[in-house]
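Good morning, colleagues. Please look at the sequence and the structure as I put them up.

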Amino acid sequence: MSSSVLQRIANGDSAAVRECIDEYGALIWSLARRLTRTPSDAEDATQEIFLDIWRSAARFDAAQGSVKVFIAMIARRRLIDRLRRSTNEPPMDPVDVLDTVAWSDPGTASEVSVEAEQASRALQHLRPEQRQVLELGLLHGLSQSEIAARLGLPLGTVKSFMRRGLIAVREYMNIDASGVSAGV
Amino acid sequence: MSESGSQSQPDDALVDLLVKQATEGLSPSEQRALDAMDSASATQALREFERAAAAIALAAAPVDGAVPAALRARIEKDAQGFFASRGAAAAPTGVPRGINPREAVGRPSPAAGAAARPGGAGLAWFAAAACLLLALFAWFRSPTPPAAQVAEVSAPSPVAPIVTAPSAPAAQAPLTPPTPAEERAAMLARPDTIKVVLGATKDPAAAGVTGDAVWDPVAQKGFLHFVGLAANDPSVRQYQIWIFDGARDKRYPVDGGVFDVPANATEAVIPVRADLPIRQAKGFAVTVEKPGGVVVSGLKHVLVLGTAG
């Protein structure tokens with residue numbers, strides 16, 4: 001069903017709109033709450049993300065990945081944009097709860113997408129401090145500078161960890177790395 | 001994965017910018033630097049980094065809690081409005097054919113974006129944009145808008161609607177959705193509608209363009225009307241609408257959607273929708289952007305601009 005939801009939305013199928021909200025609403029809502037400043041911001045962001053999905057539905061290409069990752073990409077773009085507009089306040093999720101972040105078990109996570117499972121496997125090969133940089137940046141919305149300050153690491157080290165981590169995940173996702181591997 | 005086979009490898013600085021864009025976004029100066037060094041492989045690489053970041057988020061972020069009912073109702077209402085607007089925009093009656101707002105994603109497709117990169121578009125654009133930004137900032141600070149490029153419109157609008165057929169009687173309205181031109185005409189008749197004349201900038205591409213904007217602050221929708229706006233090739237560039245909200249940071253106008261003008265059109269009525277609630281519609285602008293539009297415009301290539309009183 002998922003593979004056709006976006007195409008049906010692109011065709012103006014109102015039932016598909018409801019299905020999309022049913023299936024991916026909780027995901028988007030969770031991402032929005034994690035990367036926004038206030039509950040009100042999270043609601044505004046969620047509305048914006050769904051509008052982005054309606055507009056982008058026709059551009060989904062199943063050959064490029066799953067619906068879930070496509071939607072997560074759209075959500076993250078919008079949330080990053082919002083974060084950049086207001087950088088003076090921390091996101092709702094205090095970073096102190098970092099320990100509660102539980103990476104899904106790639107062996108048992110039946111509900112996650114293939115890409116998420118690949119990401120989990122890649123992350124298990126990273127050093128703990130590398131994973132921590134990714135967590136702070138991707139899950140808590142901290143900038144590289146903020147991560148450096150929080151962890152007491154040089155900014156260059158944070159950049160390197162972020163870069164290596166993303167490239168490792170990308171390679172596990174079988175993405176052709178011929179374009180951007182220089183200097184890594 | 002081997003790195004030895006790369007034919008065209010972006011340098012470290014470019015990779016750093018791509019990673020940062022995929023994880024936290026870029027500052028305006030970083031975005032300019034990326035634009036200057038962008039390459040064909042970079043847009044694909046950015047998409048791959050974004051995909052990896054999204055997969056990590058999926059792997060880690062717990063999905064807890066359904067969308068609140070009230071929020072869900074708003075999302076469904078947004079969807080109804082979006083698809084109604086899209087359907088109305090595609091309706092041929094009373095509207096030049098082919099002038100349909102395009103669905104803008106937050107960012108354009110990588111391939112299309114690469115094709116539209118301005119590259120060395122020239123200092124003239126940059127200088128013009130800088131002047132325009134200064135004018136915009138001055139306008140927001142000033143109690144009265146500058147007169148050179150923008151002008152307030154007193155009702156009724158001097159721009160005649162392009163609809164030649166009378167609006168359908170109310171009893172017949174459900175049979176055929178109103179066209180954008182018909183909706184605009186109805187909006188013009190309402191007393192609380194905000195009306196703005198759009199003035200052409202000094203951009204050569206804006207020469208001879210006239211237009212206006214109408215905005216219904218209650219319905220949170222509006223229309224732009226243009227005469228003389230040049231046709232665009234959607235695979236190369238698109239027009240994008242921006243709404244300046246007096247209640248928001250003036251540096252970040254709200255995206256009003258992207259649209260195209262076909263070669264045979266002389267007039268256009270473009271529905272405007274806003275991603276965010278517009279509390280004080282202070283002005284409208286149209287920029288030329290890469291296909292799909294942009295999330296945050298650098299306002300480098302503004303064609304028309306207008307302010308409300």
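Helix α8 of chain A covers residues 155-172, which is 18 residues. At 1.5 Å a residue, taken over one less than the number of residues, this helix should span 26 Å, and because its end C-alpha atoms are 26 Å apart, the two values agree. Helices here are DSSP runs of H or I of at least four residues, and strands are runs of E of at least two, numbered from the N terminus.

This is a predicted model, in which local features need pLDDT of at least 70 and side-chain atom pairs count only at pLDDT 80 or more, while totals for chains, interfaces and linings use all residues. Residues are numbered from 1 along each chain as its sequence is written, and chains are lettered from A and ligands numbered from 1 in the order in which they are written.

Which residues of α8(A) are buried? Among them are A:Val158, A:Phe161, A:Leu166 and A:Val169. Buried means that 20 or more other C-beta atoms, placed from the backbone, lie within 10 Å of the residue's own. Chain A has 8 helices and 0 strands, and 52% of its 184 residues are buried.

Finally, B:Ile56 is in contact with A:Val169 and A:Ala119, among others, leaving aside neighbours within four places in sequence; contact means C-beta atoms, placed from the backbone, within 7 Å.

Key. Buried ≥ 20, exposed ≤ 12 C-beta atoms within 10 Å, placed from the backbone. Contact = placed C-beta atoms within 7 Å.
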